[in-house]
Amino acid sequence: NSSVPKIRANDLSRFNENAANSKTEKIKVGWLCKTGLNNTNLQKRWCAIHDLKLFYFENPRSEEPNGYVNLRGAIVTESKRIPLAFEIQTGALFADRGMEKRVYTFTPVGADDRMLSRKAMNPNEKEMERRKHKETVKDWINCIQKESAKAFLPNS
């Protein structure tokens, strides 16, 4: 896809390693599952927030992203449709030329209710797992909101 910026997953991971040794803000990276526009099944993707975009890759060693979500003017919320998931609505606050208005859905890996019910866990373990995934969702939402807010700063 020619419209997807060329950035390697490794470069974003190295950016975080270098940020740890400087005053540069670390970027959020990690595994999430996302639903596609046509394929509504959850697909596991390595994700990274950088430069007002949420990039998603096949894995952390991918040479280029499968795609990205433009966070400029996006609204992110907990999903009301899918438990333990969050949704990003692009082009919600303002739309750049050519920006698609769309809703993307992401969930932590293993947070899908079907996955939790397949695991051999007692009720306490399941509840602990749900809480962990809920915290992961809140953390991603917080990081995306902080990144999206940069669009309103001068020189963005």
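User: What percentage of the contacts in the protein chain with a separation of 6 or more is accounted for by residues 24 or more positions apart?

Analyst: In this predicted model, such residues account for 46% of those contacts, a contact being heavy atoms within 4.5 Å. Residues are numbered from 1 along each chain as its sequence is written, and side-chain values use heavy atoms, with hydrogens and water left out. Local features need pLDDT of at least 70 and side-chain atom pairs count only at pLDDT 80 or more, whereas totals for chains, interfaces and linings use all residues.

User: How many helices and strands are there in the protein chain, and what makes a run of residues count as one?

Analyst: The protein chain has 3 helices and 7 strands. Read from the N terminus, the order is α-β-β-β-β-β-β-β-α-α.

User: Why is Ile144 called buried, and which residues does Ile144 touch?

Analyst: Ile144, a residue of helix 3, has a relative accessibility of 1% and therefore counts as buried. Leaving out residues up to four places away in sequence, Ile144 touches Ile49, Leu54, Leu71, Val76, Phe86 and Ile88. The C-alpha atoms of Ile144 and His50 are separated by 9.7 Å, although the two residues are 94 places apart along the chain.

User: What makes a group of residues a nonpolar core, and how many residues has the largest one?

Analyst: A nonpolar core is a set of buried Ala, Val, Leu, Ile, Met, Phe, Trp, Tyr and Cys residues joined through side-chain atoms within 4.5 Å. The largest has 17 residues, and those with the most contacts inside it are Leu54, Val69, Phe86, Ile88, Phe106, Trp140 and Ile144. At least two residues of this core come from each of strand 2 (42-50), strand 3 (53-57), strand 6, strand 7 and helix 3. Helix 3 supplies the largest share of this core, 4 residues. A second, separate core of 8 residues includes Ile7, Ala9, Leu12 and Trp46.

User: How do you know whether strand 7 is largely enclosed or open, and which strands are joined to strand 7?

Analyst: In strand 7 (residues 102-108), 6 of the 7 residues are buried, so this strand is largely enclosed by the rest of the structure. Strands pair if DSSP finds at least two bridges between them. Strand 1 (residues 29-35) is joined to strand 7 by 3 bridges and runs antiparallel to it; strand 6 (residues 86-90) is joined to strand 7 by 5 bridges, also antiparallel. Lys34 has Phe106 as its bridge partner in strand 7, and Ile88 stands opposite Tyr104.

User: Are Lys34 and Arg45 buried or exposed, and how do you know?

Analyst: Lys34, in strand 1, has a relative accessible area of 4% and is therefore buried. Arg45, in strand 2, counts as buried because its relative accessibility is 12%. Among the residues that Lys34 touches are Arg45, Tyr56 and Phe106. The side chain of Arg45 also makes a polar contact with that of Glu58 at 3.4 Å. A polar contact is a pair of N or O atoms within 3.5 Å; within protein, one must be able to donate a hydrogen and the other to accept it, and residues adjacent in sequence count only if both atoms are side-chain atoms.

User: What are the phi values of Asp51 and Leu52?

Analyst: Phi of Asp51 is near 55 degrees, and phi of Leu52 is about 60 degrees. Most residues other than glycine have a negative phi. Asp51 is in the loop between strand 2 and strand 3, and Leu52 lies in the loop between strand 2 and strand 3 too. Leu52 counts as buried because its relative accessibility is 13%.

Terms used: Buried means under 20% relative accessible area, exposed over 50%, partly exposed in between (1.4 Å probe, protein chains only).
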